[in-house]
Structure formats: structure tokens, C-alpha cells
Protein chains: 2
Amino acid sequence: MTILVTGGCGFVGINVAEELVARGERIVLFDRKPLPASALRDLGGATSRVCVVNGDIGDVELLRSLCNEHRIDRIVHAAAITADARREARDPGSILAVNVQGTVSILEAARAARCSKFVFVGSGAAYGKTHDAGLLLDEASSPSSPQDLYAISKFAAERTAQRLGALWEIRVVCVRLGSVCGPWEFATGVRDLLYPQLQVAQLAVRGEQAVIPAREVWRDWIYSRDVATAIAMLATAGEAGIPMYHLSSGIDWKGSFVDWCRILADHFPRFRWRIAAGDEPTNVSFVLEHDRAPMDITRIVEGIGFKPRFDPTCAYRDYIGWIDRHRDFMAQ
Amino acid sequence: MTILVTGGCGFVGINVAEELVARGERIVLFDRKPLPASALRDLGGATSRVCVVNGDIGDVELLRSLCNEHRIDRIVHAAAITADARREARDPGSILAVNVQGTVSILEAARAARCSKFVFVGSGAAYGKTHDAGLLLDEASSPSSPQDLYAISKFAAERTAQRLGALWEIRVVCVRLGSVCGPWEFATGVRDLLYPQLQVAQLAVRGEQAVIPAREVWRDWIYSRDVATAIAMLATAGEAGIPMYHLSSGIDWKGSFVDWCRILADHFPRFRWRIAAGDEPTNVSFVLEHDRAPMDITRIVEGIGFKPRFDPTCAYRDYIGWIDRHRDFMAQ
């Protein structure tokens, strides 16, 4: 079977691509930008099973002919603009066009190609400001309350995918991701907010100093390799009937960020880091200022047999190895 | 002050227009279709204060120049596609484009024109399938769970308006309407579902027979004149700070539908109606099959001093008088 990954040359997309190729699948990566050279190199041994198509997610005709030509059977839809407040204020229309209308476009192509499965990559941001890290979010009962345009558009797209799946008889399954860190995170041009693990790694690679916030914000971290595993399982499995799964690690990463700084300092001797004192300005940010409640992952664990492999220690050990092998990519 | 009403030639829009004109305001009605002749006639005495502009809600340039030319100070944004499932399956892109992207367009025009207030006309449909008529929905705590594309797009637009209002410093206030019945409901071309009061009135005017469902579905009815009063109050008031109000009657209309049938039968001697027996097919539908929980209106009553004037008896008495004076419109 051939699987189309939209946003396939972006952070989550490349991880999914590598996982699918490792499983022997043929893939088509659709993206507005080319695949980074180092990702192409990593996928090199399997280039006969990898095709990259560049285009706009709003271009229904292109998507239709692509699905037809490559006999696309399944789709992972990860294309999105991950906007910060500046982009929201400057160009809200594009965020909604790409994230919402783009989802309709790719669903129209999926329908025309009679795809048997559509995996929508959504976000835990749909829950809004959950604050209370003591709360455990539940797919069936926790209310969605998206606040910014990224969250609003991802929630609208998720619900649109579910609705059109029902009307058009496409098996749609949605995942809401936790905060993803790990290989292939980079400033794609539509990813405005980079996570602190990458921010500090970039400083480390450049041999600069990191001043990190005194308070570590609680977020529901998951390593990008685990995200890819679960999405590949969903894309290739025959299961149906569950409209939405949480996809996070189910592990409390609190306190692990300083471990990451230490690991980086061991690897990059010129790198220095310290915790900001008092009101001292930082050059690393947790992106969100407030804690985010964790998402219960029982549904995906029991439903498809997904088991996260990476706790913070494993994740950071793997990530530092990846960074070592991708110095060129990190230096960009 | 001059107030722009988008969707101003549609059901809610015309009611708002009449109310604003009665209050002495100048208005510009923006719509894809012309104002119905009978509405133009009703507004006739005040034509110097009424202007109709036809165009597409996605046409930001037109909206900008319109706001500039007419020195628009405030906006009531009621333009939307009220889609049924057939339209959703046939043309989902247009529903989202008009309802979501259209909201961004008009907000962009509002920003450029430095409008002092923006009233977004949303829908209680954002709550989704609430079922339990014993529940009382609350603005602050009831979860939104939109299911169909109309609800999904109206919810996304509401949140987008709130977000851009905050980023662009426009005072945005949103209302979620109950189910609106009364004068000026008609098949506008973007209103796929007509409410049972109109369905049965059309049969009455034509002297045909109505077979109504044995079970009256609970909906949170409000008379269109009350909707217009509250929206006009919000559009003209100086208040701020509340992001969203329910706008419904706060009255239980259960059982009143047969009264409406009786009133119509008194007025239209050729009209016959009866309750469907057993599995007998009906030619009137409540649109929704399930009950919808009522919305608490304490916030708007206490917040702006809105007091619904129409209980079912008053509403139907007023509506039958309006129908009498608009036989030509009803016969279309």
C-alpha cells in the first residue's frame, strides 16, 4: 500500500516517513517545501519507495491527481501552520486556510481516490488553557476550549475530518498530540514556535550560553519517534470506530529539562547553561507560560497496543545521538 | 453612527436592520443577494438611512472600501451558510470559507476601519448534541462540542473573532442564538433548513394540509424580534468585556407548536393539519431529531438589561399579523 503524508517534509512528517519506510511501506511526502537534504540522505536506502511532491495543500486538483497517480490508499494529514501570536495578528487568513480548508482539500482528494483510511494529526492545544497539571484529560469527557488560531483551526479541522469521514464513508481517525520533542524539529517556515529542547540544543551546537527559566513549565511531552510509531500503527492498521485518540507519552517529564542541558553540556564542551536568577532575561522559552494538564493515553494503549518506548532518559540519549549525526542540519 | 450588518438581507439580518432603523441608526446591509422587495418596502420610510451593498463576504477589498466609504463604526456579522447534511457532503469548502474565512475578512475590514465594536452572531449549535432538556447550558462552564459543519464553523468563527478582537484591540462580543422563529425567515439560498413554524405557515398560506410529528422536539426557541432587540442593544451599547452571551428567550415553548397550527387554521380556512398517526410520514420537520438543552440567559439579562418580550402566545400573535401583511413574501 502507498501512504501519503501531508506536511511530510516537516517535523512530525519526517518522523512518520522514516517509521513507515522502516516498516516497508511506500510513501509519498507532500509539502510546500522540499525535503531537507539530510532527511533525504537518511531515507536514501529506500528512495525507490519514497516520493516527494511539492505543492499547496489548498490545491485540490494537484492532490487529486497525486492520489490517483500514486494509487494512494491511506493518508496521514500532518500539514499545518503552527502559528505564534505575531503570525496570528499578521496573517490569520492563511492559518485558517491551510489548517481548516487544507483539511477539506485533502479529504476531497481522499474521497475521490477512495482511500481506505485517513489519519488526522491534531493537537492537545484543542483543550485550551487546562492549567491544572493534576487533572488528567480524557478523550470522551474533557471539554475542548481552543484559544489561539492554531488551536481553533486544528480543533475545527479535527471535527471537520470526523464529520466528512462520516458523510463520505472514509475511515477517519484523529490523534491529539502532546508536546513533541526530538529529531527533525526545525524552523520549517510554518513552525513559529520551537520547543525548549531544540532551542537549547541549537545554543549548544553553536557553543553559546543558555539562560533557562527558573520554573519548568509542565507540558505533556512525547518523543517524536514515539509519535511516529503510533501514527504508523494507526495508518497501517485495519481498526476503526474510534474517532479520536490522545497521543502522548503518559510519562511525567517534569525536572528532565535540566538533565537535557547537562547531556548537551557533556557533548558540547563550549556550551554553558544556567538557570536564570530572579528577573534575569532568559534566551530559552517553554513556549507556553502556563502548565498544561496531561492527556490520558489509556485509549490508544489499549485500543491499538501502542506502548511509548521513550522516557526522558531514553529520549534524550537517542536525541543527542541523532544531533551528533546531524550536525549539518542542526547548524542551519 | 453607521452600522454594517453582514447577511443583512437574510433572516436575522433583516430583523436586526428593522430594529436598528427603528432606533434611528444608519445602516448598511451587506449580502450576497438583494434585499427582498417587501423588506425594502417595510424599511421604505427610512431609505435615506438604509444602504444595501451586494458582494461576497470573502472580498476583503470590497469590505474595506465599504467600511471606509460609509464610515462604519460598528458591525453586526450575521452572514453565514446554514447548511444541511446534503450541502455539507456536496460542498463543505464553501461552508467553511463563508463561515470561518468570511469572519476573518470582515474582521480585517473592521480593523482597517478602526470600528469600535463587532457583534458576532453565533449559534447554540456550538454545544452539539446536548440532548438533556433538563440541563441548563451556561456560558462560562458548558463545554462546546460542535458536530456538523455549520456548528463547527460557527464555533471556530466565534473563537476566531474573540482571538482577533484581543490581538487587534477590537471590542468583540459574541451571541449564541437559540432556535429563531418569526418574521423574515425564508429560503435565502444559504439557509437549507427551515424551522417548523415556517414550514407549517407556508402550507397554511397555500391552503395545503400539514401532517406534523407526534413528538414535539424540545428546542430553545426565541422570536426573531427579540433577537433583533438584543443584537441592536449590543451593537449600540458601550459595554465591553464579556466575550459571549446566550441569546434565547429563556422560556419553555414546549407544547406551543400545536397552538401555532390552530392559529394558522383560524386564519387560513383552507388549511388543515393533524398529528401523524404511528409511522405515518409527516410533511413538517423539527429539523433536529433530538432535544436540545436550554441556554441560561441570566448573563445577557443582567449584563445589558435585555428582557425578551415574546412568549409563544405573543410571538405567534405577532407572527400571524406579519404573515397577513406579507402574503406576497410568504407565497414566494
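B:Arg114 is found in the loop between α5 (92-112) and β5 of chain B. Helices (H or I, at least four residues) and strands (E, at least two) are DSSP runs, numbered from the N terminus. B:Arg114 has a positive phi of about 50°, although it is not a glycine. Most residues other than glycine have a negative phi. With 12 C-beta neighbours inside 10 Å, B:Arg114 counts as exposed. The burial classes rest on C-beta atoms placed from the backbone: a residue is buried if 20 or more others lie within 10 Å of its own, exposed if 12 or fewer, and partly exposed in between.

The model is predicted; local features need pLDDT of at least 70, side-chain atom pairs count only at pLDDT 80 or more, and totals for chains, interfaces and linings use all residues. Residues are numbered from 1 along each chain as its sequence is written, while chains are lettered from A and ligands numbered from 1 in the order in which they are written.

Helix α5(A) has 21 residues, of which 16 are buried, so the helix is largely enclosed by the rest of the structure. At 1.5 Å a residue, α5(A) should span 30 Å; its end C-alpha atoms are 29 Å apart, which agrees. The expected span is 1.5 Å times one less than the number of residues in the helix. A kink of about 35° is centred on A:Gly102. The bend at a residue is the angle between axes fitted to the seven residues ending there and the seven starting there.

The contact takes 24 residues from chain A and 24 residues from chain B. Two residues are in contact if their C-beta atoms, placed from the backbone, lie within 7 Å. On the side of chain A that touches chain B, the elements giving two or more residues are α4 (85-90), α5 (92-112) and α6 (149-168). Helix α6(A) gives the most, with nine residues. This side of chain A divides into 15 nonpolar, five polar and four charged residues. Ala, Val, Leu, Ile, Met, Phe, Trp, Tyr, Cys and Pro count as nonpolar, Asp, Glu, Lys and Arg as charged, and the others, Gly among them, as polar.

Chain B contains an open sheet of seven strands, in the order β3-β2-β1-β4-β5-β6-β10, with parallel pairing. Two strands pair if DSSP finds at least two bridges between them. The edge strands β3 (50-54) and β10 (244-247) each pair on one side only. The twist averages 20° from one strand to the next. Four bridges join β4 (residues 72-77) to β5 (residues 117-123) in chain B. The bridge partner of B:His77 in β5(B) is B:Phe120. Helix α1 (residues 11-22) of chain B packs on the sheet, touching β1 (2-6), β2 (26-31), β3, β4 and β5. The direction of α1(B) makes about 170° with that of β2(B). Axes are lines fitted to C-alpha atoms, for helices over the stretch in contact, and angles run from 0 to 180 degrees between N-to-C directions.

Two further residues of chain A are buried. A:Trp184, in the loop between β7 (179-181) and α7 (196-205), has a positive phi of about 75°. With 27 C-beta neighbours inside 10 Å, A:Trp184 counts as buried. A:Ile222 lies in strand β9 (residues 221-223) of chain A. A:Ile222 is buried, with 28 other C-beta atoms within 10 Å. Beyond its neighbours within four places in sequence, A:Ile222 is in contact with residues including A:Leu177, A:Val180, A:Leu247 and A:Pro308.
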